[in-house]
Amino acid sequence: MHFELAGKKVRILAAAVTAFIIIFVAAHYNLYLDPELELSHGYALFIVSMIGGVGAGLLIAVKSHVDEQYKMLANTVLFFVMPILSMQMVECFNSKFIWNFSVKTGLANYMVYLVFYLIFYLITGRYHLTGLIVNITLYVWALINYFVELFRGTPFIPSDIVTIKTGLGVADGYTYELSWNLILGSIVFFLVYLFNKRSVNMKPKKLKFKLLSKLAAAGYLAVVLISFFFTDFSTNTGYKPDFWNQARGYHKTGSFFNFCLNTKYLVVQKPSGYDAENVDDIVETVLEEAGVDPDGDTSINILTGENDYTASTDGETPNIIYIINESWSDLSNLGDLETNEDYMPFINSLTENTIKGYVTVPVFGAGTSNSEYEALTGNSISFLPAGCNVYQSYLQNETPSLVSTLSALGYSLAAYHPYYGSGWNRELVYPLLGFEDFISIEDFIDEDIIETYKANSDVIEYQNLLEERYEDGDEMLLRRFISDSYDYTMVEEMYESRDEDEPFFVFNVTMQNHGGYTVSYSNFYQQIYATNMSATYPKANRYLSLVKETDSAFEELVEYFSNVDEPTIICMFGDHLPSIEDEFYEELMGVDSLDNLTTEQELSRYETPFVIWANYDIEEAEVDSISVNYLSTLLSQAAGLPQTQYNKYLSVLYQTLPVISSVGYVDADGNTYASGEETPYDDLLLQYNCIAYNSLLDTENKADSVFYLEE
């Protein structure tokens with residue numbers, strides 16, 4: 001092999017590229033060296049980025065030539081080195097470097113990257129084109145994963161592909177900022193591109209060697225893919241998705257590698273031993289063992305554990321308002337948090353005719369619709385593939401829910417969400433859950449205003465258009481979303497315009513507290529801030545101020561229905577915690593890294609407040625632990641409603657396992673078990689899995705008598 005300089009014009013281009021990269025990196029030195037970032041090896045990364053500029057210039061300006069007899073060998077070696085370079089490019093966005101991996105983990109990553117190289121090699125038969133396609137694809141994937149994790153606190157997973165439309169619908173609320181990851185990852189991508197340019201397409205001259213190269217590639221793909229998808233080889237060698245914390249798995253053993261691991265869990269397998277004909281028997285047996293007559297009038301009181309719950313006999317069917325409050329949480333539940341003033345004074349003060357506590361939800365940082373699904377159906381997503389979205393992937397047929405129960409009792413059946421109706425596929429899913437009406441932002445804000453805002457994301461113009469068009473336009477927004485106060489005013493208007501021949505029900509998913517929390521807004525006054533933290537966390541402080549606004553809005557709603565004569569019950573809970581500074585969570589929870597949380601600590605990051613309040617006498621309680629799959633049963637009992645057999649089953653199950661989630665389980669004695677860990681309750685969980693599978697997926701053999709009330 002020998003080297004020579006390129007022509008003068010190419011050398012000038014090389015010098016310009018080198019100068020640009022060095023100047024750009026130097027101008028953003030603070031992204032590497034800012035002490036507040038606590039970036040280990042920041043100086044080293046800064047120097048590496050500068051050297052990358054020099055390397056790019058050399059790769060452009062210097063040509064290499066390989067003797068004809070070694071060309072095949074040299075280009076083949078380069079082809080098999082390219083996956084290592086691609087891996088490092090992707091991991092720059094993950095703040096990892098290939099030397100951080102163990103030899104076994106590095107080899108596992110390499111094998112996955114090589115799969116994609118060989119697939120495209122079999123398609124194209126060309127070394128250079130294969131490298132170009134694979135690396136551009138991986139670079140785009142790395143960018144997507146970087147921004148998804150930045151925005152919501154969890155990485156990009158395969159099921160996100162089908163929810164991309166919803167993700168884009170809210171992405172304009174986030175701030176895109178340059179980071180050292182973006183700079184260094186892009187430099188490495190450029191270097192990999194230049195390396196790949198040196199490869200040429202070498203084909204064996206003899207037919208038998210051509211066939212051998214293709215067969216070897218196909219054989220490798222067959223062995224790896226069959227072992228990966230159809231055996232437990234990867235699991236037995238210690239590699240499977242981190243179901244507790246996907247971010248931790250991505251950071252520890254490779255981002256793209258873990259993304260591929262998650263694909264194995266996209267398909268929902270039938271529970272072991274599942275037989276649709278046994279679902280009725282499972283429910284009947286569980287109830288009888290708890291002393292409950294499946295066809296009787298009583299069921300277990302979910303709060304007391306006694307078999308003394310009966311539906312109200314006075315003929316009253318209370319109005320029900322079921323609210324999922326976007327990103328509503330109580331951060332003091334995670335640790336010792338002090339603020340300049342109480343950010344939930346009203347809700348904290350509620351005791352009379354009130355049930356409240358903390359509810360374990362299935363998602364963190366994003367994924368509202370999965371919390372909706374559990375809250376409406378009583379099913380748990382812990383039995384479904386990690387990171388899935390039920391509304392997008394699985395809910396495609398009529399599914400029993402609280403809504404179908406209320407339909408049998410003659411209620412009005414409305415859902416209301418003050419944002420785009422297409423989000424999370426709600427327009428298609430809500431009718432399948434039993435809703436007859438769905439009110440979204442398109443129903444009360446004119447289309448031209450919405451389209452203008454979608455086109456330019458100008459909040460000030462958006463606010464001005466609302467004020468010009470609507471009498472109460474100045475009250476609609478808080479930041480860029482419909483405020484909780486305005487949201488609840490609309491709920492009150494729905495109540496006032498109701499059909500008085502039907503008891504009133506509305507399911508309301510709010511929008512006020514949605515992320516991001518980076519930008520300040522002229523229509524939002526930040527009044528709450530943490531006072532006992534070692535650093536200032538702007539996102540956390542803005543979020544806490546939003547929680548204060550939620551508390552004030554809920555007070556207005558309660559005050560309104562306190563003056564309503566008809567019995568009315570309101571249930572509100574948070575869908576997930578906010579995606580704010582990781583450092584805030586780490587300091588609040590007293591840990592060095594969120595990757596090192598115990599199961600108990602991880603579960604606490606999935607706990608949000610809930611409150612059930614009525615304007616008439618109900619049983620009062622403080623609930624220590626409950627997961628959201630039980631909440632509709634608790635609400636229906638608080639409202640004095642008849643119970644389906646599934647409600648009765650859930651009230652029995654709650655007495656043994658009050659928390660069932662994708663993170664883990666908590667039993668009645670407070671023992672915690674991680675997801676995937678063997679527990680004394682595995683048979684009980686398998687039974688629940690069978691029932692939930694029948695409810696959601698076995699549409700041809702649904703056990704209707706379990707899930708529906710008789711009309």
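A cavity here is a set of points, on a 1 Å grid over the protein atoms alone, where a 1.4 Å probe fits but cannot get out, and its lining residues have an atom within 4 Å of a point. The legends below describe a predicted model, in which local features need pLDDT of at least 70 and side-chain atom pairs count only at pLDDT 80 or more, while totals for chains, interfaces and linings use all residues. Residues are numbered from 1 along each chain as its sequence is written, and side-chain values use heavy atoms, with hydrogens and water left out.

**View 1. The second largest cavity and its lining.**
Helices (H or I, at least four residues) and strands (E, at least two) are DSSP runs, numbered from the N terminus. By class, eight lining residues are nonpolar, four are polar and none is charged. In this scheme Ala, Val, Leu, Ile, Met, Phe, Trp, Tyr, Cys and Pro count as nonpolar, Asp, Glu, Lys and Arg as charged, and the others, Gly among them, as polar.

**View 2. The largest cavity.**
There are three cavities of 30 Å³ or more, and the largest has a volume of about 110 Å³. Of the 13 residues in its lining, Thr-377, Ser-401, Leu-402, Tyr-646 and Asn-647 lie nearest the centre. Three helices, α15 (368-377), α17 (402-408) and α26 (645-656), each supply at least two lining residues. The largest share, three residues, comes from α26. The lining holds six nonpolar and seven polar residues, with no charged ones.

**View 3. Ile-300 and Gln-637 in contact.**
Ile-300 sits in the loop between β3 (298-299) and β4 (309-310), while Gln-637 belongs to helix α25 (residues 631-638). Ile-300 is buried at 5% relative accessibility, and Gln-637 is buried at 8%; buried means under 20% relative accessible area, exposed over 50% and partly exposed in between (1.4 Å probe, protein chains only). A polar atom of the Gln-637 side chain lies 3.0 Å from the backbone oxygen of Ile-300. Contact means heavy atoms within 4.5 Å. Leaving aside neighbours within four places in sequence, the contacts of Ile-300 include Ala-290, Val-292, Tyr-309, Ser-651 and Gln-655. Gln-637, with residues up to four places away not counted, touches Ser-299, Asn-301, Ile-302, Tyr-309 and Ser-651, among others. Ile-300 and Gln-655 are 355 residues apart along the chain, yet their C-alpha atoms are separated by 9.0 Å.

**View 4. Thr-550 beside Asp-484.**
Look in helix α22 (residues 538-562) for Thr-550, which is buried with a relative accessible area of 0%. Its side chain makes a polar contact of 2.7 Å with the side chain of Asp-484. A polar contact is a pair of N or O atoms within 3.5 Å; within protein, one must be able to donate a hydrogen and the other to accept it, and residues adjacent in sequence count only if both atoms are side-chain atoms. Beyond four places in sequence, Thr-550 is also in contact with Asn-325, Trp-328, Gln-512, Asn-513 and Met-572.

**View 5. Strand β12 between β5 and β13.**
All seven residues of β12 (residues 568-574) are buried. Thr-568, Ile-570, Met-572 and Gly-574 cover one side, with Ile-569, Cys-571 and Phe-573 on the other. Two strands pair if DSSP finds at least two bridges between them. Strand β13 (residues 607-614) is antiparallel to β12, with five bridges, and here Trp-613 is the bridge partner of Ile-570.

**View 6. An open sheet of three strands.**
The strands follow the order β15-β16-β17 with antiparallel pairing. Because β15 (659-660) and β17 (672-674) each have a single partner strand, one side of each is left without a neighbour in the sheet. Strand β16 (residues 664-666) pairs with β17 over three bridges, and Gly-664 stands opposite Ala-674.

Note on methods: On a 1 Å grid over the protein atoms alone, a cavity is a set of points where a 1.4 Å probe fits but cannot get out, and a pocket is an open set with protein on both sides within 12 Å along at least five of seven lines; lining residues have an atom within 4 Å of a point. Grid points are joined across faces, edges and corners, and a volume is the space filled by probe spheres set on the points.
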